[in-house]
Amino acid sequence: MTGMSGGGERVLALLPELLLLLGAVGGLLLGLWTPQHRQWRVRLLVTAACLASVIAAAVALPEPAERVFEATWVVDTTTGVVRIVVALGVAVLVWLASPSLAGHPRETEAYVLMLLGGLGSIALAASGDLLLLVAGYLLASVPLYALAGFAKDSAGVEATMKYYLMGAFVGVLMLVGVAALVLATGTTGYLDLAALLPDASPALLAVGILGVLAGVAFKAGAVPVHFWVPDVTAGTTPPMAAYLTTIPKIGAVAAAFRLLAEPFADVPLDVPLLVAVIAAVSMTLGNLAAFNQTEVLRLLAYSTVSQVGYLFMAVAVAARTDLAVPALAIYLAGYAVTNIGAFAAVAATPAARTITDWATAVGRHRWIVVSLVVCLLGLVGTPPTAVFVGKLAVFTAAWDGALAWLVVVAAVNTVASLFYYLRWVAPAFAGVPAAPSMREWAGSGPRTAAGTAQRTRRGVPTGLLHGAAVMSLLLGLGAGWWLAFALST
Amino acid sequence: MLLTVVIFLPLLAAAVLLAAPRIPGRVAIGVWVAASAVDLALVGWMWLRFEPGQGASGVVDGLAYEAHLQWIPTVNAGYHVGVDGLSLPLLALTGVLFLACAVYSLREPDRPHTYAALFLFLQTACMGTFASLDLILFFVFFDLSIVGMYFVIAGWGHGNARRSALKFFLYTFIGSLALLVGFIGLFLGSEERTFDMVALAANPPLADSPVAGGLVLLAIFLGLAVKTPLFPFHTWLPDAHTDAPAAGSAILAGILLKLGTYGFVRIAMPILPEAWQRWAMVAVVVGVISVLWGAFVALAQTDVKRMIAYTSVNHMGYVLLGLGAAGLVASADEGARTVATVGAMYQMVSHGLLTGALFLLSGVLWSRGHSYAFDRWGGLARPAPVFAACFAVAAFGSLGLPGFSGFIAEFQVFTGALQAAPLATVVAVVGILVTAGLFLLALQRLFTGDPVVPSEADPDELAEGPGPERADGTTATAVRPRTATRMQDLRSREAAAVVPLLVLAVILGLVPRVLLDVLEPAAMAVVELVGR
């Protein structure tokens with residue numbers, strides 16, 4: 001039982017989360033009293049809340065790690081990184097979504113849900129207690145179901161149904177897992193679990209670990225619970241797809257990292273091997289499935305599945321090497337930036353579903369192609385982008401954690417991934433000289449309408465695409481600074 | 001600081017070109033030429049001020065123009081660049097060849113801004129790779145060179161350019177990832193956990209674990225062998241070359257292949273001396289196979305550019321023979337091993353100049369008749385005497401005639417390797433004979449007899465290019481000899497690009513001291529480090 005003053009200090013430890021929550025509630029209230037055509041105010045408020053949260057998180061980052069609220073909420077480097085990346089990501093994604101949401105009858109609700117989903121993602125990353133992990137899972141899931149089907153078209157509804165059913169099913173698995181762990185140890189706190197789990201019954205332990213990992217793997221979109229990723233990504237709008245494949249994944253990967261670093265660190269089962277296999281299978285299946293995709297959104301969806309595989313390499317060695325935390329810090333940030341950039345490229349041409357459409361649509365805009373090349377090669381891990389530094393760090397950490405075979409698998413997969421990213425890059429790049437024919441089309445008949453409609457919407461997504469490309473390069477070149485900042489505790 | 005300027009000046013010019021799309025194409029190429037010329041002048045200035053030193057110097061000490069900045073402190077990787085006797089000649093070669101390509105492309109009609117910007121970007125990548133003293137920095141530039149060349153081939157190539165570019169990218173990217181895995185192995189195996197080449201060479205990692213050292217060397221060897229390319233990994237090379245634009249081919253053969261061989265001297269040999277000694281015989285054997293394979297397959301080609309491409313495999317084989325012999329510590333004295341290493345380094349420079357010239361000259365053929373097939377050209381000596389003379393000089397240089405740089409290089413490789421690997425050396429000499437034969441054959445086919453020029457009044461053939469025919473490895477089955485004599489001789493910009501390369505090759509053949517003074521101390525240092 002702590003006194004009131006002690007409680008007050010601890011509340012301030014959650015200031016970044018509180019700011020997000022305030023932004024959500026305030027946005028909802030503001031939206032209620034704002035006319036339909038001025039709902040952009042809510043967007044501004046939500047952005048301001050996100051930025052304030054980022055600043056609060058950045059200020060709190062150098063402080064020593066602590067556990068607040070009876071050790072249920074861990075504030076450390078990983079949490080700090082996730083706080084910053086998620087809040088910044090939500091702020092950017094709100095703007096990415098704004099062209100498709102502006103004037104929408106439920107504009108405010110969308111922004112607020114995005115904010116709440118981000119909060120859920122942070123809760124996943126910060127939870128030091130299984131029950132909070134479940135709560136974070138729900139908070140990072142329920143708003144997202146609504147967002148996935150926000151357009152209310154048939155594809156979106158189908159995507160939402162798939163997402164929801166799968167989420168509910170895995171949620172139950174996760175609860176079973178938590179129940180098994182509680183049964184085995186009688187506690188839910190990570191620290192107690194870490195002490196008690198090594199002596200627990202192996203059967204309960206196995207059920208518990210599998211269930212809990214299934215939950216975080218679902219949110220991260222890792223194999224074998226990745227089936228929702230392509231359908232949801234292709235079924236929803238590009239900005240929402242960017243949101244669904246970025247924000248919850250960050251929190252979930254961080255949650256998995258904490259699980260392996262703390263409660264599952266000393267269990268008699270080889271959990272790192274299990275995670276390593278998940279990682280290997282995720283990257284392999286994601287890449288193989290992406291090979292023949294002609295739709296840009298599905299291609300990116302499978303690419304995110306494979307990216308999670310690389311991220312899980314750091315998770316697998318969470319307890320084995322000091323290199324894992326910096327690897328996660330740089331890869332999470334790099335992934336978020338690059339992935340949002342790639343989806344912004346799709347959002348810039350909302351009518352283009354396939355690679356060829358996309359290449360034709362951007363035909364004359366050389367800089368869009370350049371930024372896309374930076375983002376896609378960034379996802380491959382071409383230096384000097386952020387994901388390259390991330391991959392380097394993750395490979396090094398995995399090898400240091402005695403998983404050299406996984407490094408080889410990942411290297412082979414990186415080459416394989418290059419193939420399908422180039423399938424998109426090559427037509428886009430070669431599309432540049434086709435500019436004259438493009439112009440002819442634009443001047444004749446029914447294509448014009450789609451063409452002009454696209455052009456009007458281009459502003460914000462294009463700007464974000466360029467921003468992401470630049471950011472990806474800067475984060476890669478300035479990786480030292482980012483890591484020095486992130487690890488300054 | 002000077003070195004950093006040399007590395008990033010072309011990139012800066014590229015950024016300017018991309019940021020100002022309104023300036024005319026001619027001016028854009030002018031900017032390219034100017035940037036390359038300034039860069040070459042700066043390298044020349046560095047060369048003049050460079051002190052090669054007496055005795056062994058380089059790799060771990062005697063580094064000039066060093067700059068060192070932290071980049072990723074958690075893994076101790078940084079921006080560490082510097083120049084020694086190994087890198088300076090290759091930096092100079094890069095400057096010369098890029099300037100030649102810029103001059104050659106003065107009239108590039110197709111998207112000149114992007115073309116110039118890509119080449120400038122490539123120049124930064126190549127300069128950076130040769131100047132890197134940090135494994136990760138080396139990898140960064142190494143990979144960027146692949147990216148840049150991919151876009152050059154895909155965007156400006158002919159025939160099956162997209163497919164060849166993809167093949168090139170995938171193939172060399174596999175190599176670069178193998179390299180990255182090897183680098184991570186070096187990092188984790190080193191005592192102080194660093195990616196710094198100087199520190200690693202001074203205190204070699206994995207010295208007491210032969211298996212791990214062997215595996216790491218295997219990864220690095222694979223990565224560099226794909227790039228070089230050596231015998232089983234060379235299959236990307238002919239396609240990439242035939243479909244690349246002439247300037248792209250010249251850079252690809254002249255500079256990018258050297259990134260591979262340079263990696264052996266700079267990374268594999270000094271940092272993994274024990275493993276290199278143990279497996280040196282493999283390098284020798286792979287080198288000799290490449291020599292023979294490249295020579296014989298080149299002999300069978302019916303396409304000028306493919307033939308030159310295969311002779312690159314042959315020439316890079318000599319480099320590996322020399323470097324492998326340098327690792328056979330038990331069977332040769334230090335003097336012989338040094339000669340072999342110097343020969344290998346000399347071959348890199350010589351091959352860059354001569355093959356660069358040959359590829360630019362084959363580009364002349366393409367620009368005149370859109371064909372590289374031997375049977376569609378003939379008797380060119382009469383209508384195009386300057387072209388014929390240049391091609392002949394380049395061909396004689398390339399086959400290793402005394403008086404050219406190639407002779408100095410190959411002679412030293414053989415002299416140095418004879419003691420360590422006599423059988424391999426004798427077998428490799430056969431390669432010289434075959435190369436001589438194939439170049440003479442090429443000269444005879446192209447320049448003697450009645451003038452034959454591919455007819456340009458063949459629009460469908462023109463549009464299609466040689467792509468479809470080449471799919472099954474043969475060329476231009478339909479022989480349409482035309483007795484037209486319309487073959488324009490070298491234009492002044494083409495001559496201005498090619499002739500300096502040939503002059504340099506002759507100078508290096510007649511006055512080898514210029515280059516040897518710089519190379520020898522560094523080669524001695526490498527041999528000493530390998531001999532540890």
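In the hairpin formed by strand 1 and strand 2 of chain B, four residues lie between the strands, and Asn76(B) takes a positive phi near 55 degrees. Strands here are DSSP runs of E with at least two residues, helices are runs of H or I with at least four residues, and both are numbered from the N terminus. The model is a predicted one, in which local features need pLDDT of at least 70 and side-chain atom pairs count only at pLDDT 80 or more, while totals for chains, interfaces and linings use all residues. Residues are numbered from 1 along each chain as its sequence is written, with chains lettered from A and ligands numbered from 1 in the order in which they are written.

Strand 1 (residues 64-72) of chain B runs antiparallel to strand 2 of chain B, and the two pair over six bridges; pairing requires at least two bridges found by DSSP. One of these links is that of Leu69(B), whose bridge partner in strand 2 of chain B is Tyr79(B). In a regular strand the side chains alternate between the two faces of the sheet. In strand 2 of chain B, both faces are covered, with Ala77(B), Tyr79(B), Val81(B) and Val83(B) buried on one side and Gly78(B), His80(B) and Gly82(B) buried on the other. A buried residue has 20 or more other C-beta atoms within 10 Å of its own, against 12 or fewer for an exposed one and values in between for a partly exposed one, with C-beta atoms placed from the backbone. Since seven of the seven residues of strand 2 (residues 77-83) of chain B are buried, this strand is largely enclosed by the rest of the structure.

Chain B as a whole contains 20 helices and two strands. Of its 532 residues, 65% count as buried. Along the principal axes, the C-alpha atoms of chain B fill a box of roughly 70 × 55 × 40 Å.

Turning to chain A, the domain assignment, which is automatic or taken from a database, gives domain 1 (1-174 + 222-258) and domain 2 (270-489). The C-alpha centres of the two domains of chain A lie 22 Å apart. Their contact takes 36 residues from domain 1 of chain A and 40 residues from domain 2 of chain A, two residues being in contact if their C-beta atoms, placed from the backbone, lie within 7 Å. On the domain 1 side, helix 4 (77-101), helix 11 (228-235) and helix 12 (238-261) of chain A each supply at least two residues, and helix 4 of chain A makes the largest share with 13 residues.

The contact between the chains takes 29 residues from chain A and 28 residues from chain B. Helix 19 of chain A gives the most to the chain A side, with eleven residues.

The largest nonpolar core has 426 residues, and those with the most contacts inside it are Ala314(A) and Leu332(A). Such a core is a set of buried Ala, Val, Leu, Ile, Met, Phe, Trp, Tyr and Cys residues joined through C-beta atoms within 7 Å. Leaving aside neighbours within four places in sequence, Leu332(A) is in contact with Val81(A), Val82(A), Val85(A), Ile250(A) and Val253(A).
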